[in-house]
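Visitor: Please show me the sequence and the structure, and then let us discuss them in turn.

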Amino acid sequence: MSRLPASHESELAGYDWSLLKASGLVERVEYLPSVGSTNDFAREQAGSLSRGERLLVVAERQTAGRGRGGNRWWTGGGSLAFSLLFDPAQRNIARRHYPMISLAAALAVIDTAALIAGRTDVGLHWPNDVFLSGRKLAGVLIEALADGRHLLGIGCNVHNRSAEAPPELADIVISLADVTPLAPSRGDVLLGIVRRLDERLGDLAHFHEIIGQRANQMCLQHGAKLTIRAGTRETSGICAGIAADGALLLDTVNGRQSFYSGVLVK
Ligand code: BTN
């Protein structure tokens, strides 16, 4: 049930659905000119799909794109917004490593953006934002369904320029078009991310510490003073990077503490 458009917009964006389907993560594709949120759409579809079916939802526009913690996500025209529905158990990922899926996704985006933009100043801003030149390039929203399947939503600023962003975002976001003379096609960015994510999920299944180590290398907050809210508790300390098991390490007045989830307050 691929709703593949003979869409003009899709052709312009350079999406190659058959190459995407050749990756281990994509079996079905839904391309939507406009949707509220690709994560919400994928969740609705999940009920009518069998557990093992892998779905990719790509939207040209989102009218209610969501970020973590109930934040809104700006899907400027020309940005890349997509969600993947998949079952981590079918990828042989141990349940205790599910929290590392978002790190694997951020690494896939980092490596794709660094290669495409020819930049080295791309990295991980915990928990799973991708920063380029000190500004937010991409974000990851992971949601688990009751049956264990996961919705992995990624938004990446490709052709949408920071100057076109809402005023409150203009100084804190960046796009690939802002830093490259010839902005890449969204199809190339999507394919690069999906292929790398497929590889990183393979790492996570068999050598999860590779993901932790690589996330530590790419972590941009080493040595920074951070405050993290986990539940109702806020903890401040100096970031000591990311452990092999994916935990963020904070050196606090009470010693080193590990965070597997939480909200970065500052
Ligand atoms: C964040 O930075 O807080 C995460 C942003 C995730 C945005 C993507 S865009 C595609 C998918 N659909 C959504 O509604 N959100 C994610």
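Guide: Two strands pair if DSSP finds at least two bridges between them. Helices (H or I, at least four residues) and strands (E, at least two) are DSSP runs, numbered from the N terminus. This is a predicted model in which local features need pLDDT of at least 70 and side-chain atom pairs count only at pLDDT 80 or more, while totals for chains, interfaces and linings use all residues. Residues are numbered from 1 along each chain as its sequence is written, and side-chain values use heavy atoms, with hydrogens and water left out.

Visitor: In which sense do strands β8 and β9 pair, and over how many bridges?
Guide: β8 covers residues 225-230 and β9 covers residues 233-242. Within this hairpin, two residues lie between the strands, and G231 in the turn has a positive phi of about 65°. T227 stands opposite S236 in β9. The pairing is antiparallel, over six bridges.

Visitor: Which residue of β10 is the bridge partner of I242?
Guide: β9 is joined by three bridges to β10 (residues 248-252), and the two run antiparallel. Their hairpin has five residues between the strands, with G246 at a positive phi near 95°. The bridge partner of I242 is L248.

Visitor: With which side chain does the side chain of R186 make a polar contact?
Guide: R186 is in helix α6 and is buried, with a relative accessible area of 7%. A polar contact is a pair of N or O atoms within 3.5 Å; within protein, one must be able to donate a hydrogen and the other to accept it, and residues adjacent in sequence count only if both atoms are side-chain atoms. At 3.0 Å, the partner is the side chain of E60.

Visitor: How far does a polar side-chain atom of K136 lie from an oxygen atom of the ligand?
Guide: A polar side-chain atom of Q62 lies 2.9 Å from a nitrogen atom of the ligand. For K136 and a ligand oxygen atom, the distance is 2.5 Å.

Technical notes: Buried means under 20% relative accessible area, exposed over 50%, partly exposed in between (1.4 Å probe, protein chains only).
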